[in-house]
Amino acid sequence: MIELTGKTALVTGASRGIGRAAALSFARAGCNVVLGYRRDETAVRNVVEDIRVAGRHAIAVAGDVRERNTFERLFSEGKEVFGKIDIVVGNAGIWKKTPVDEMSDADWQETIDVNLTSIFLTCQFAAREMKPRRSGKIVLISSTAGQRGEALYSAYAASKGGIQALTKSLAVELGPWNIQVNCVAAGWVDTDMSRSVLTDPIFQQRVEEEIPLKRIATPEQIAGAILFLASDLASHVQGEILNVNGGSVLCG
């Protein structure tokens, strides 16, 4: 069992899906958790309560991940309550379908800002917190779309590819400070974000047929990989893009 008692994890996009599953996994491993979320107060209150039931503490901080002041509050409030932040997970994101010839500047910019600029801000604030202590774990959430592209979701794929390049760059830059930077590249996951298309049984069957394991991941299965990268079991893993996709994209 992974043991993280005494540590604090910060997770963006923590009210649902992968972020929620990651926050609960950290709590069960002994972490207190700082939850970043946009607007769903009911959902995030449920996460806080689930963490309390698991025997740990959590605070929720609302804000738009496109804005720097959101991260100022996330990190300052997290440190005020828990003293320090040891683990940071950059997870918040959106997935919007737009053919490239119909995509507006605003469509493009929204996806890049939410999915990639927010990750830059996550990493910048994490580095400022972790460098003085010469210790920390950063785990960023990407996608198979960033590895092979995704028709009709080109802005999404570009943003996720950017996360993987940022992971490798910061792994080299921050490694001398004993800060580990790694990435989980998820395939299809049964979350609110993907459920709008997975409700079509024919489409879901087609997706499952293209996955060698013949099933779509749960958020908890992605959270397991996140927890591993944040643990001492991964103490010599740096700059890794860990694929969790059932074998749908095979790249090392």
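I'll start at a side chain: the charged end of Arg128 sits over the ring of Phe125, 5.5 Å from the ring centre. Lys131 does likewise with Trp177, its charged end 4.0 Å from the centre of that ring. Sitting over a ring means that NZ of Lys or CZ of Arg is within 6 Å of the ring centre and within 35 degrees of the ring normal.

Some ground rules. This is a predicted model, where local features need pLDDT of at least 70 and side-chain atom pairs count only at pLDDT 80 or more, while totals for chains, interfaces and linings use all residues. Residues are numbered from 1 along each chain as its sequence is written, and side-chain values use heavy atoms, with hydrogens and water left out.

Now the sheet. It is open, has seven strands with parallel pairing, and reads E3-E2-E1-E4-E5-E6-E7. Strands (E, at least two residues) and helices (H or I, at least four) are DSSP runs, numbered from the N terminus; two strands pair if DSSP finds at least two bridges between them. Which strands stand at the edges? They are E3 (58-62) and E7 (241-244), each with a single partner strand, so one side of each has no neighbour in the sheet.

Take strand E1, residues 8-11. Thr8 and Leu10 on one side, and Ala9 and Val11 on the other, are all buried, meaning under 20% relative accessible area; exposed is over 50%, and partly exposed is in between (1.4 Å probe, protein chains only). E1 pairs with E2 (residues 32-37) over four bridges, and Val11 stands opposite Leu35 there. With E4, E1 pairs over three bridges; Ala9 has Ile87 as its bridge partner.

Further along, four bridges join E4 (residues 87-90) to E5 (residues 136-143).

Last, the aromatics. The structure holds five aromatic pairs. One of them, Trp95 with Trp188, is edge-to-face, at 5.9 Å centre to centre and 90° between the planes. Rings of Phe, Tyr and Trp (its six-membered ring) pair if their centres lie within 6.5 Å; planes under 30 degrees apart count as stacked, over 60 as edge-to-face and the rest as tilted. Trp95 lies in the loop between E4 and helix H4 (105-130), and Trp188 in the loop between E6 and helix H7 (192-198), so the pair ties together parts that are 93 residues apart in sequence. Trp95 is buried, at 15% relative accessible area, whereas Trp188 is partly exposed, at 22%.
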